[in-house]
Amino acid sequence: MTVDVGIIGATGAVGQRLIQLLDPHPDFEIAALSASAESAGESYRDAAKWRINHPIPETVAEMTVRETDPDEMPDDVDLVFSSLPSSVGERVEPDFCEAGYIVSSNSSNARRDEDVPLTIPEVNADHLDLIEVQRDERGWDGALVKNPNCSTITMVPPLAALDEAFGLESITVSTLQAVSGAGYSGVTSMEIIDNAIPHIGGEEKKMETESRKLLGSFDGAEVDWHTARVDASCNRIPTLDGHLENVWTDTAEDVTAEEAAEVMREYPPLDLHSSPDQLVHVYEEPDRPQPRLDRGRENGMAIAVGGIQETDGGIQFNCLAHNTMRGAAGASILNGELLLENGYL
Ligand code: NAP
């Protein structure tokens, strides 16, 4: 039997990827779509201005877009995927949780809250049980689960592999982020063509804090954040999809480039429907990974790593992930699959 799902913020960059990845899905069936009041009442085809290179699924094209309000959700929906702007998510996601819906959300609001699980299933699936703490504290029948920011998801799996084997003391990262990461109305062509922008509002802080929460340990009551120092510098460049990042680490134990590559390659995947067969693909070619060539690996759900080198005290590497697939829509669907496997749905 499949779980009926709703998508709130269904017409945007991430919402369209959610629809692509759920067309079809063995466990989830789209039962309702919502967006802003301007789109409500229109057919999804008219409201969405479909912009991805995958045909708009006929099953959703003629669905009527609803207002983003729990009273507008059909009762048989059990899981809601949220891809709302964070200012809107902050306001409406708690209403959905209070009304009994489990919300798997992309928005940045509440990611750092002590009682909100922030999960990458392959890295910290055990943090999902923070839901019990959250329900005790907030009295919700539903629950709120977050996936991290797209630039954070890109670097954390290879970092988790290094941390488990050699211990991480510090992390420095500089990003080259695609325009789709800003959403459909995020960066105008006049701003980004023939250009690079060395500032993405709030992104550095997200990378610095979310990575420490993800790499932290959960004792059944709270997450003890990782103590590594994290410094990030974020840049927007004129690629369409795929965030490329240069990462430097200091490790507690000495590590060679070969050992680092081996632990990353062998980092265990999960058996969830959307989990890639191999989570981290390591390239030997010094000029890979590249956004256009490597963002689509394993349906856009794998992390690509290259340029692994020893440094004085640690390891340097480059990594890449598809920001709207692994970094957003695929991440929240994977969290949905984890919720199902763990009996929350
Ligand atoms: P987007 O393209 O701007 O889409 C925003 C969506 O929210 C649209 O469906 C829009 O509906 C809806 N919306 C806007 N204002 C609303 C309101 N007041 N009430 C209800 N719905 C409203 O943004 P996006 O890139 O898909 O990002 C969505 C969320 O995911 C953001 O929080 C973003 O930070 C996060 N995220 C994005 C990425 C990425 O790579 N793009 C990665 C990770 C996380 P209308 O069409 O009707 O305006």
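1. A polar contact is a pair of N or O atoms within 3.5 Å; within protein, one must be able to donate a hydrogen and the other to accept it, and residues adjacent in sequence count only if both atoms are side-chain atoms. From the side chain of Ser-39, a polar atom lies 2.4 Å from an oxygen atom of the ligand. A nitrogen atom of the ligand is 3.5 Å from a polar backbone atom of Ala-35. On its own the ligand has 900 Å² of accessible area, of which the protein covers 79% (Shrake-Rupley method, 1.4 Å probe; for residues, only the protein chains shown count as cover).

2. The model is predicted: local features need pLDDT of at least 70, side-chain atom pairs count only at pLDDT 80 or more, and totals for chains, interfaces and linings use all residues. Residues are numbered from 1 along each chain as its sequence is written, and side-chain values use heavy atoms, with hydrogens and water left out.

3. The shell around the ligand holds 26 residues, of which Thr-11, Val-14, Ser-36, Ser-39 and Leu-84 come nearest (near: a heavy atom of the residue within 4 Å). By class, 10 residues of the shell are nonpolar, 16 are polar and none is charged (nonpolar: Ala, Val, Leu, Ile, Met, Phe, Trp, Tyr, Cys and Pro; charged: Asp, Glu, Lys and Arg; polar: the others, Gly among them).

4. At least two residues of the shell come from each of α1 (13-21), α4 (86-98) and α13 (325-341). Helices (H or I, at least four residues) and strands (E, at least two) are DSSP runs, numbered from the N terminus. Domain 1 (3-149 + 328-341) and domain 2 (150-322) each contribute at least three residues to the shell, with bounds from an automatic or database domain assignment.

5. Two cis peptide bonds deserve a check. One runs from Asp-23 to Pro-24, with omega near -10°; Pro-24 lies in the loop between α1 and β2 (28-35). Another joins Arg-288 and Pro-289, with omega about 5°, and Pro-289 belongs to the loop between β12 (280-282) and α11 (291-294).

6. Backbone phi is positive at two non-glycine positions. Ala-110 has a phi of about 70° and is found in the loop between β5 (102-105) and α5 (121-124). For Asp-194, phi is near 60°; Asp-194 is placed in the loop between α8 (189-192) and α9 (203-214).
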